[in-house]
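Student: Could you go through this structure with me, a few questions at a time? I'd like the cut-offs spelled out as we go.

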Amino acid sequence: LNESIVRRIPLRLPPLPVQRRIASILSAYDDLIENNTRRIAILEEMARALYREWFVHFRFPGHDKVKMIPSPLGPIPQGWEVKRVPECVDINPRVIVPRDDEKPFVPMSCLSNDSMLISNIECRDGNSGAKFQNGDTLFARITPCLENGKTGFVQFLPDEQAVAFGSTEFIVLRSRSLTPEFVYLLARSKEFRGNAIKSMSGATGRQRVQEKCFDGFVITQPPHFLLDRFSAIVMPNFCLIQELHLQVENLRRTRDLLLPRLLSG
């Protein structure tokens with residue numbers, strides 16, 4: 001293919017005013033998609049920033065009135081506890097998924113590298129793979145997906161009893177004494193991910209996280225009243241992120257339906 005061939009390709013173009021109308025219709029969809037995508041990124045960054053401020057830097061509301069005490073992790077606020085991850089988080093909790101009938105299935109490709117969103121969910125029968133429910137965090141266990149940041153927060157199921165399944169390369173994390181939002185943000189932290197990456201073993205290019213790596217990893221558990229206060233603030237962000245994501249998916253479907261019809265007249 002060269003320039004002279006391209007110049008000979010015949011094109012049927014509508015009049016310029018019609019082209020402008022078509023572009024304005026499609027641009028309106030693209031602008032709204034871009035705006036919602038930007039809002040999703042801001043909402044997630046707000047939740048992550050608040051997590052770091054309260055639970056990493058210990059600058060939670062009223063922190064100046066709380067005494068710092070020594071711990072194996074260094075000074076922590078009085079009333080907080082140092083616990084191993086399995087004491088606070090269920091690793092691959094038991095979930096019963098019926099084998100018959102189609103159910104939501106989440107391949108690894110459905111997870112985002114930089115947000116909680118889970119998109120392009122499939123429907124499959126069977127029940128082989130990771131099993132999970134709303135409020136669970138999906139944590140990629142295989143290279144390079146883990147290093148790339150693939151981590152999702154499940155909130156697409158219709159109710160709290162609904163179940164789904166997905167890739168065998170997920171580690172499912174569920175809160176025991178924390179909150180679902182805290183567990184997701186913990187899984188996004190550099191310390192948590194770094195600990196998992198160091199435990200990887202296997203053939204080059206197919207290394208996987210060893211679940212036992214969480215046994216010796218300790219975190220600070222805040223008091224329940226502070227966890228509840230934190231979740232009350234960030235939970236609306238999580239819900240709004242999901243709502244905006246559904247809007248974006250609907251806008252993209254509508255735009256893609258309009259595009260060939262507009263261009264063909």
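Student: Is Glu34 buried, partly exposed or exposed?

Tutor: Glu34 counts as partly exposed, because its relative accessibility is 47%, where buried means under 20% relative accessible area, exposed over 50% and partly exposed in between, with a 1.4 Å probe and protein chains only. Before we go on, note that this is a predicted model, in which local features need pLDDT of at least 70 and side-chain atom pairs count only at pLDDT 80 or more, while totals for chains, interfaces and linings use all residues. Residues are numbered from 1 along each chain as its sequence is written, and side-chain values use heavy atoms, with hydrogens and water left out.

Student: And which side chain does Glu34 meet in a salt bridge?

Tutor: That of Arg38, at 3.2 Å from N to O, a salt bridge being a side-chain nitrogen of Lys or Arg within 4 Å of a carboxyl oxygen of Asp or Glu. Arg38 and Glu34 are separated by about one helical turn, because they are four residues apart in helix H2, and Arg38 counts as partly exposed at 44% relative accessibility. Helices here are DSSP runs of H or I with at least four residues, numbered from the N terminus.

Student: How many salt bridges does the count come to?

Tutor: The count comes to 13 salt bridges. One of them pairs Arg255 with Asp30, with the closest N and O atoms 2.9 Å apart, and this pair links distant parts of the chain, since Arg255 is in helix H7 (residues 224-264) and Asp30 is in helix H2, 225 residues apart.

Student: How accessible are Arg255 and Asp30?

Tutor: Arg255 counts as partly exposed at 22% relative accessibility, and Asp30 is also partly exposed, with a relative accessible area of 33%.

Student: What about Glu87, which residue does it form a salt bridge with?

Tutor: Glu87 forms a salt bridge with Arg84, the closest N and O atoms being 3.9 Å apart. Glu87 is partly exposed at a relative accessible area of 38%, and Arg84 is partly exposed at 36%. Elsewhere, salt bridges that share partners join Asp30, Arg255 and Asp256 into one network.

Student: Switching to packing, at what angle do H2 and H5 cross?

Tutor: The axes of H2 and helix H5 (residues 180-187) cross at roughly 90° and come within 10 Å, the axes being lines fitted to C-alpha atoms over the stretch in contact, with angles running from 0 to 180 degrees between N-to-C directions. The two helices are therefore roughly perpendicular to each other, a label that covers 65 to 115 degrees, whereas under 35 counts as roughly parallel, over 145 as roughly antiparallel and the rest as oblique.

Student: Which residues make that contact?

Tutor: On the H2 side they are Glu44, Ala47, Arg48, Tyr51 and Phe55, and on the H5 side Phe182, Tyr184, Leu185 and Leu186, contact meaning heavy atoms within 4.5 Å.

Student: Why is H5 described as largely enclosed by the rest of the structure?

Tutor: Because seven of the eight residues of H5 are buried, namely Glu181, Phe182, Val183, Tyr184, Leu185, Leu186 and Ala187.

Student: Back to Arg48, is it buried or exposed?

Tutor: Arg48 counts as buried, because its relative accessibility is 18%. Arg48 lies in helix H2 (residues 16-56) and, leaving aside its neighbours within four places in sequence, is in contact with Asp114, Ser115, Tyr184, Leu185 and Arg188.
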